[in-house]
Amino acid sequence: MSSPGSLWNIRNLVTGAVAAVGTLATFKLVLDYRSYKNASQRRKVRMEEKKRRRVEAEPSARLPTDQELLGASFSAVKELEKQQQKQHQDRRSGVPLPVKEDRQLTCWLRSMGKSDLDDYKPKTRLLSARYLQLFYQSKCAQARSPESYKAAVDGHRADLEIAWKLLQCSPEEGSDEEVAVRLLALKVAKLLKDHQRMLPLFDSILARMKGPDPVVVIQEALAAFTTAPYLGRWESTRELGQLCIANGVKLDDLHEMSQENPEIPDLQTLFGIAQRKVPGLSDKDVPPQKIRWTEYLIKGLRIKTRSVECDDEKKKQEVQENFEAEIDSFREINVPSETKIVRSGAISQMLSFSMDPIPMVGPASDSKMLVRGFVNTAGGRRHEEIQIDIDEDNKEIWSGRYSCRQEFHPRVNLEVDIEIRLEERRQQQQQQQQYIETALAGTQRPGRCRGKGGASNRTRPSGC
């Protein structure tokens, strides 16, 4: 039997243990609370830091000073020029590269009204317009499908209108800036597919070259040479081509550019057609009212082989099989989707119907079309040509002749009658009218563009 003293000791031990556990629990609660409070404070600091960085990253609605815009445009142009060189290599590898946009600069330019532009010097406006033109072309070059290309064109066409407004400035007469503004304005007008803007710039270059005190700048001569076929100025195409060749321009280089990018017309082929003075096409200049910008989607193709000449019987049979045609017999052949004929001013562009299609280009009118193309291979050169007669009473079906001539062994001469079933898409200028009207009105495009506070009083409403 336990004594009263021992029971007292046990009771004290139990009481002490309970008190110790209570103290530890309380201490733990205090530590947990402090830890939670510290973690909450750290989380709050991190969130505020992220918010601050996000706000700083948002483009400012404040319009920049001339020096700010000049510096931003210069840096952005340099960056895009580097990206274009990478895209040139990327086009061969087939892997698209992202296009880096200067969001602050883009926001500034889209926020400017017509009256705001007067505050900036011609050099600043030139570099800003150059940025918008390079950004537009980079986005188009990045496209890897007809849908993505159309999205790039439609999504950034208003930027070209802003570039055009920026270039309506008055640099010092006879200065390098004046030449640069004129050349860039001509390039922007071509990208906009607007011959009404191209014509005055083209004529001003010719006037400088043929005036009482002629001034010939090879860059202007080359720009005019690349523009003349769009405007149907075939006499000028012949003269400017000869001038460029005399000043060291190699037409082979222009041809290679068109092979790498079918959107660029082959100036070597166009110069050759202009020199031949094809009746009804390249023998006379085209009136401005006859210039059109549209495209035709090829919905079907029927062919009938006229003749096949080849010094190799096996190759001859292979050619006939490729075209799935017999002599004097029309047959329908498959055409890849989105195959089209593009009417670009006074010229037409398309890809040939051969198994290894090549870019073709040539003069076009409302009644006829002639497109040619050639490719240099390891063995030699292959030429292809399409002549089309357009029936005024049936513009949905074009009839003509396709020919292919292979200059290397085995030599091949092929002639085929063709019937093309077409669907004309809406005029490109009508499709783009909403973008043009928006840009010319100086209205801002949807987007995020917030001010940072404490900025200059030269501000515009939020939105880009």
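**View 1. Tyr230 and Trp293, both of which are buried, where buried stands for under 20% relative accessible area, exposed for over 50% and partly exposed for what lies in between, with a 1.4 Å probe and protein chains only.** This is a predicted model, in which local features need pLDDT of at least 70 and side-chain atom pairs count only at pLDDT 80 or more, while totals for chains, interfaces and linings use all residues. Residues are numbered from 1 along each chain as its sequence is written, and side-chain values use heavy atoms, with hydrogens and water left out.

**View 2. The stacked rings of Tyr131 and Phe135.** Rings of Phe, Tyr and Trp (its six-membered ring) pair if their centres lie within 6.5 Å, and planes under 30 degrees apart count as stacked, over 60 as edge-to-face and the rest as tilted; by this rule there are 4 aromatic pairs. The pair of Tyr131 and Phe135 is stacked because the ring centres are 6.1 Å apart and the planes lie at 15°. Tyr131 is buried at 0% relative accessibility, and Phe135 is buried at 2%.

**View 3. Strand S1 (residues 292–310) and its antiparallel partner S9 (residues 412–424).** Strands are DSSP runs (E, at least two residues), numbered from the N terminus, and two of them pair if DSSP finds at least two bridges between them. S1 and S9 are joined by 13 bridges, with Leu297 having Glu423 in S9 as its bridge partner. S1 also pairs in the antiparallel sense with S3 (residues 340–345) over 6 bridges, where Thr294 stands opposite Arg343.

Definitions and conventions. Helices (H or I, at least four residues) and strands (E, at least two) are DSSP runs, numbered from the N terminus.
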